[in-house]
Amino acid sequence: MIGYVTLGTNNFEVALKFYDVLFSSVGANRLWKHADMAAWGHSRTEPALCLARPFNGEPANVGNGVMVALKMTNREVVDMLHAKCLELGGTDEGPCGPRGDHGFYGGYFRDLDGNKLNAYVPA
């Protein structure tokens, strides 16, 4: 049902570089860039993550309680993506590990603008 999710940025060019490196580490690429918006994913037929300067011209800000969850293929990829984000200057929002007792495994982090993301493997 979800086609894409968009996060705001206040430093578009720096954010493009951050996400190019971060997502290339898990085999996702920039699908397109147009003016103040870009998208990453595996193909145009699968859900994507977009990044944009806010359309209204106001500063981008982080929504309290908003998080984008990125489904990974295995725990090692979750660990690698979490570490890559921190290496690129993102911040830790919860170390990689199991959550609950149903086999869910995830790692939480924030990008350079403070947007919260989660890399996970479902149960």
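This is a predicted model: local features need pLDDT of at least 70, side-chain atom pairs count only at pLDDT 80 or more; totals for chains, interfaces and linings use all residues.
Student: Are helix 1 and helix 2 roughly parallel or roughly antiparallel?

Tutor: Good place to start! The axes of helix 1 (residues 12–24) and helix 2 (residues 75–87) come within 9 Å and cross at roughly 155°. Angles over 145 degrees count as roughly antiparallel. Therefore helix 1, relative to helix 2, is roughly antiparallel.

Student: Which residues make the contact of helix 1 with helix 2, and how many of them are charged?

Tutor: Helix 1 brings Phe18, Val21 and Leu22, while helix 2 brings Leu81, Lys84 and Cys85. Sorted by class, this contact has five nonpolar residues and no polar ones. The number of charged residues is one.

Student: Is the crossing of helix 1 and helix 2 left-handed or right-handed?

Tutor: Look at the two axes where they come within 9 Å. There, the crossing of helix 1 and helix 2 is right-handed.

Student: Now the largest pocket: which strand gives the most to its lining?

Tutor: Strand 3 (37–41), strand 4 (48–52) and strand 5 (68–71) each supply at least two lining residues. The biggest share, four residues, comes from strand 5.

Student: What volume does the largest pocket have, and which residues are closest to its centre?

Tutor: The space in the largest pocket is about 450 Å³. Its lining has 18 residues. Closest to the centre are Pro47, Ala48, Ala69, Leu70 and Lys71.

Student: How many residues in the lining of the largest pocket are nonpolar?

Tutor: Let's go class by class. The lining has two polar and two charged residues. The nonpolar count is 14.

How values were computed
Residues are numbered from 1 along each chain as its sequence is written. Side-chain values use heavy atoms; hydrogens and water are left out. On a 1 Å grid over the protein atoms alone, a cavity is a set of points where a 1.4 Å probe fits but cannot get out, and a pocket is an open set with protein on both sides within 12 Å along at least five of seven lines; lining residues have an atom within 4 Å of a point. Grid points are joined across faces, edges and corners, and a volume is the space filled by probe spheres set on the points. Ala, Val, Leu, Ile, Met, Phe, Trp, Tyr, Cys and Pro count as nonpolar, Asp, Glu, Lys and Arg as charged, and the others, Gly among them, as polar. Axes are lines fitted to C-alpha atoms, for helices over the stretch in contact, and angles run from 0 to 180 degrees between N-to-C directions. Angles under 35 degrees count as roughly parallel, over 145 as roughly antiparallel, 65 to 115 as roughly perpendicular and the rest as oblique. A crossing is left-handed if the near helix is turned anticlockwise from the far one by less than a right angle, and right-handed if clockwise. Contact means heavy atoms within 4.5 Å.
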